[in-house]
Amino acid sequence: MSDSPVQRHYRAEDPHWHWLEARDTPEVKAFLEAANAESDTWFTPLESLTDALYTGHLARRELAVSSLPEALDHHVYWSETAADAEYPVWWRHPLEADPTDRSRHECLLDLQALSRHHDFVELGDMAISPDEQRLAWTLDTSGDEVFSLRLATLSAADRDARTPVRGEARPGEVRPGEAQPGRARPAGQDDECLLEDIGPDLVWAEDGQHLLFTRYDSTQRPFEIWCLDIESRAETLLYREEDSEFWVGMGKTRSRDWLVLETASKDTSESWLLPAAAPLGEMTLVRARETGVEYGIDHRPGHFYVLHNKEAPHFQLDIAAEHAPGNWQPLITTRDDVTLEGVEAFSWGLMVDERDHRQAQAWLRVIEFEGTAPTQTICRDERLAMPEQPLSQGLGDCPHFDARRLRIREESFTTPPSWIELDLDTGERTLLKRQTVHGDLAPEQLISRRLWATSDDGEQVPVSVVMRRDLCDGEGIPHAPLPVLLYGYGAYGETLDPWFSIARLELLSRGVAFAVAHVRGGGDRGEPWYLAGKLEHKENSFNDFLAARDALVEQGVGAAERIAAYGASAGGLLVGASLNKRPEAFCAAVLDVPFVDVLRTMENPELPLTTAEYTEWGNPHESEARRRIRAYSPLDNLSAAPYPPLFLQGSWHDTRVPYWEPAKLYARLRQMDCTPHPVLLRTDMSSGHGGASGRFKAWRDNARQDAFLLWALGVCEKAGSETTARSNG
């Protein structure tokens with residue numbers, strides 16, 4: 001091992017590098033900065049490729065973008081991001097105004113202007129008061145997911161225009177570089193900061209005077225829900241959760257009749273109700289928590305609709321009278337081959353999310369009622385049409401309870417995100433917007449297909465692949481095996497439904513195939529798929545990922561020696577554990593903010609997330625759970641095998657996966673000095689778990705990552721000799 005940060009900072013008395021957890025010591029930052037410098041040196045011969053990937057990405061993307069306008073009761077709202085801007089600006093105009101009349105446009109929030117004051121800017125939530133005269137919003141300026149609450153008073157048609165609002169430019173005054181059209185109130189730095197150290201989410205009560213927010217405990221667990229009186233600044237505690245495995249949250253029904261206060265662990269939940277117009281009134285418990293029972297609630301006048309898994313392993317939908325929310329009666333019973341994933345209530349009926357266990361495909365189901373409570377009956381029950389499969393289809397922003405023209409968002413591996421207006425009365429679909437793609441690789445030049453991999457226990461694991469159409473025959477089989485990037489997550493029941501990526505086009509255009517392993521532990525085949533990859537079944541996730549890799553080779557998609565792996569967060573655990581089992585299976589891997597020190601992290605209840613994760617990974621203070629975690633935790637199972645080239649990425653302000661987890665993995669592997677390939681660590685010193693907050697910086701980081709992958713896949717070489725390129729120095 002040449003002179004390196006690991007050699008210089010090694011401590012014989014601490015071979016596991018636990019000293020890196022001492023965040024406030026100067027040696028920690030010195031080590032991380034030295035590793036960053038080493039990484040920069042290694043990437044120097046790839047600078048031209050990184051630049052080409054970055055500029056190529058920009059050339060494919062529409063840089064100046066606007067969101068779809070959304071009408072509320074009094075104004076129309078939208079956001080705009082300038083071509084050279086990192087962050088968006090939010091605007092509105094009165095409902096009756098001509099949208100092209102810029103003099104009627106009012107700036108609500110200018111994150112681009114605000115970013116000049118901070119290296120990191122992350123908007124937690126924006127909440128418009130019911131009368132649309134106040135804007136509340138939360139902001140994180142470090143990446144640690146701790147937010148401050150800001151409040152702005154907005155313009156009113158009957159307000160004296162000569163009287164500026166707090167933080168508002170006076171008539172005739174424009175602040176340099178900030179939003180200018182119309183009433184350019186550059187909400188941001190000067191808005192009133194009401195609270196610090198709170199959670200991101202906000203909900204207005206319907207009286208327009210009270211605002212709900214959450215607070216954290218010492219482990220950054222949201223454990224309290226508070227109500228703030230905007231006029232008096234008085235704070236009232238509504239709910240405190242004492243169980244350390246439960247997190248609190250809140251929402252408001254689309255009917256605007258009820259506030260819903262929720263507390264939940266990974267497998268158990270409980271809800272309370274408050275009248276939305278009287279948030280300091282008496283709370284009503286829907287149904288007391290019962291271990292293993294999860295439920296969520298929505299509302300139509302006269303009824304609540306409860307999605308739950310009590311004696312319904314794949315969830316079912318029940319109905320309850322408004323005066324007796326805990327008395328549930330079946331509406332859609334549980335089925336063996338379908339998981340019910342969500343329900344949205346409207347005045348006319350329900351929109352239900354369902355997922356097929358066999359095909360790993362989800363869809364939307366429309367249920368309409370006729371009559372009024374309690375005698376209403378179902379008059380329509382049908383799935384929405386799907387123009388292609390596999391496809392991601394979801395309900396877009398639809399704030400109005402009576403809306404019969406709904407916004408549906410659709411995308412696939414080959415079709416960019418599209419927003420469709422669906423007329424429930426005529427069935428007509430109108431394309432409102434589709435993400436623009438420029439450049440030499442159009443969406444129609446891509447092809448995607450679904451493979452099935454056989455895991456070690458015989459389970460069939462879906463694998464999605466997207467690649468250039470001209471490299472394949474009519475059945476989507478490549479003329480010759482391709483270099484492949486295999487992506488995996490597989491935790492918390494999260495799904496990897498098809499998604500389009502402009503950044504991915506840089507890899508696809510160079511002949512790389514992109515594959516997704518839908519392993520157990522995720523929710524891609526419904527609730528049973530999730531349960532089969534957690535706790536004592538976690539090993540299934542790793543076996544499924546390796547089976548997906550093998551299926552790519554066996555079915556002629558990927559070249560055995562040219563398959564790289566990518567995993568982020570819990571996906572980093574998936575990839576890390578798979579590498580420990582079979583390091584020769586991959587030619588390279590990128591582990592982004594990877595959860596790799598599983599046992600030690602889960603043994604420390606003082607860390608954020610730990611106690612809430614017991615039902616996902618197990619409580620290591622129980623001997624059997626400890627044994628299981630110890631058997632797969634990546635840092636506890638390193639071997640003296642030649643690992644492939646590795647690029648590890650961490651974030652200094654990450655509270656979910658602390659920076660020291662990828663740093664320890666880097667140090668341990670380099671210390672073992674058992675691989676001739678590079679093991680690189682890059683720590684972003686100004687961001688959190690999600691990486692850079694600005695879009696251009698995020699795209700630049702992605703280009704660097706892709707340059708590493710293209711080099712490792714043999715698609716592009718580094719400048720200089722191969723020996724130099726594959727060294728650790």
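Biologist: How many bridges join strand E11 to E12?
Modeller: Five bridges join strand E11, which covers residues 222-229, to E12. The two strands run antiparallel. Please bear in mind that this is a predicted model.

Biologist: Which residue in E12 stands opposite cysteine 227?
Modeller: Threonine 236 in E12 stands opposite cysteine 227.

Biologist: And what holds strands of a sheet together in general?
Modeller: Strands of a sheet pair through backbone hydrogen bonds, and the pairing is either parallel or antiparallel.

Biologist: In what order do the strands of the sheet with E11 and E12 come?
Modeller: The order is E6-E7-E8-E9-E10-E11-E12. These seven strands form an open sheet with antiparallel pairing. Its edge strands are E6 (122-128) and E12 (235-240), each of which pairs on one side only. On average, neighbouring strands of this sheet are turned by 45 degrees against each other, direction ignored.

Biologist: Let us change topic. Which strands form the open sheet of four?
Modeller: That open sheet has the order E25-E26-E27-E28, and the pairing is antiparallel. Strand E25 (392-395) and strand E28 (429-434) are the edge strands, each pairing on one side only.

Biologist: What is the bridge partner of arginine 407 in E27?
Modeller: The bridge partner of arginine 407 is glutamate 421, in E27.

How values were computed:
Residues are numbered from 1 along each chain as its sequence is written. This is a predicted model: local features need pLDDT of at least 70, side-chain atom pairs count only at pLDDT 80 or more; totals for chains, interfaces and linings use all residues. Side-chain values use heavy atoms; hydrogens and water are left out. Two strands pair if DSSP finds at least two bridges between them. Axes are lines fitted to C-alpha atoms, for helices over the stretch in contact, and angles run from 0 to 180 degrees between N-to-C directions.
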